[in-house]
Amino acid sequence: MPPLVHGFDWPDRFVVGTVGEPGARTFFLQARAGKRVVSVGIEKEQAAALAEKIEEVLDGLMAEDGNPFSVPALTPAALVDNDPLEQPVEEEFRAGAMSLGWDPTTAQIVIEAFPILVVDAEELETIDLAEVEPEEVLVVRIPVGSARAFSKRTREVVGAGRPICPLCSLPMDSEEHVCELPEGFR
């Protein structure tokens with residue numbers, strides 16, 4: 001059976017946001033077109049990597065001779081979105097694999113999120129994972145300005161968590177953190 005495609009071409013809104021307090025936040029990709037809203041759970045690291053890769057693609061496109069796709073160097077002020085996620089947040093699925101692409105025919109960044117694939121050990125020996133089709137997928141196509149805004153917001157959301165120890169890179173207020181910082185270090 002073909003997957004259920006949650007497709008958004010030039011959505012009204014596409015953001016990364018969180019639910020919960022730092023240290024216990026759940027991250028979501030959320031797309032909205034009109035009254036239709038889809039939220040997909042992701043990991044903090046997925047959000048950070050997605051923002052980084054989008055920036056790399058945009059910077060590469062901007063560097064092309066004459067910037068033919070009019071990629072902005074900074075987030076256009078009209079596209080800044082600091083609002084919370086649309087409520088209620090209802091997770092469609094939790095993302096496992098994600099892909100990022102560029103469609104030069106429409107000058108859009110294409111983001112796909114696929115659900116985590118769950119198989120038991122016996123199935124794993126008998127199936128070809130390359131042929132497994134997901135039950136559903138999120139496909140979002142956004143223009144370059146919106147992609148720059150998405151990336152900026154995502155970096156800010158990821159960075160708004162607990163302070164990170166400069167020595168071990170663990171959250172400083174977590175149970176796993178055991179470093180003792182030098183006196184006077186902030």
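Helices and strands here are DSSP runs, a helix having at least four residues and a strand at least two. By that rule, the protein chain of this predicted model has three helices and seven strands. From the N terminus, the order is β-β-β-β-α-β-β-α-β-α. The C-alpha trace spans about 55 × 55 × 35 Å along its principal axes.

The chain has 186 residues, and 33% of them count as buried. Its contacts reach across the sequence. Of those with a separation of 6 or more, 62% join residues 24 or more positions apart.

Start with α1. This helix has 19 residues. Its first and last C-alpha atoms lie 27 Å apart, close to the 27 Å expected at 1.5 Å a residue. Its buried residues are Q46, A47, L50, A51, I54, E55, L58 and L61. They pack against β2, β3, β4, β5, β6 and α3.

Now turn to α3, residues 144-159. Its 16 residues should span 22 Å at 1.5 Å a residue, so the 23 Å between its end C-alpha atoms agrees with expectation. V144, G145, A147, R148, A149, F150, S151, R153, T154, V157 and V158 are buried in this helix. Their cover includes α1 (44-62) and the strands β2 (13-19), β3 (26-33), β5 (91-103), β6 (108-115) and β7 (136-143).

The two helices meet each other. α1 and α3 pack at an angle of about 145°, and their axes are 9 Å apart. Their crossing is left-handed. From α1, the contact takes in K44, A47, A48, L50, A51, I54, E55, L58, D59 and M62. From α3 come V144, A147, R148, F150, S151, K152, T154, R155 and V158. By type, the residues of this contact divide into 11 nonpolar, two polar and six charged.

Next, the core. The largest nonpolar core holds 28 residues. F14, V16, L29, V40, L138, I142 and F150 have the most contacts inside it. Helices and strands both contribute: β2, β3, β4 (36-42), α1, β5, β6, β7 and α3 each supply at least two of its residues.

Leaving out residues up to four places away in sequence, L29 touches F14, V15, V16, V38, S39, V40, I42, L50, M98, A113, L138 and F150. Two of these partners, L50 and F150, also belong to the contact of α1 with α3.

Conventions:
Residues are numbered from 1 along each chain as its sequence is written. This is a predicted model: local features need pLDDT of at least 70, side-chain atom pairs count only at pLDDT 80 or more; totals for chains, interfaces and linings use all residues. Side-chain values use heavy atoms; hydrogens and water are left out. The expected span of a helix is 1.5 Å times one less than its number of residues. Buried means under 20% relative accessible area, exposed over 50%, partly exposed in between (1.4 Å probe, protein chains only). Contact means heavy atoms within 4.5 Å. A nonpolar core is a set of buried Ala, Val, Leu, Ile, Met, Phe, Trp, Tyr and Cys residues joined through side-chain atoms within 4.5 Å. Axes are lines fitted to C-alpha atoms, for helices over the stretch in contact, and angles run from 0 to 180 degrees between N-to-C directions. A crossing is left-handed if the near helix is turned anticlockwise from the far one by less than a right angle, and right-handed if clockwise. Ala, Val, Leu, Ile, Met, Phe, Trp, Tyr, Cys and Pro count as nonpolar, Asp, Glu, Lys and Arg as charged, and the others, Gly among them, as polar.
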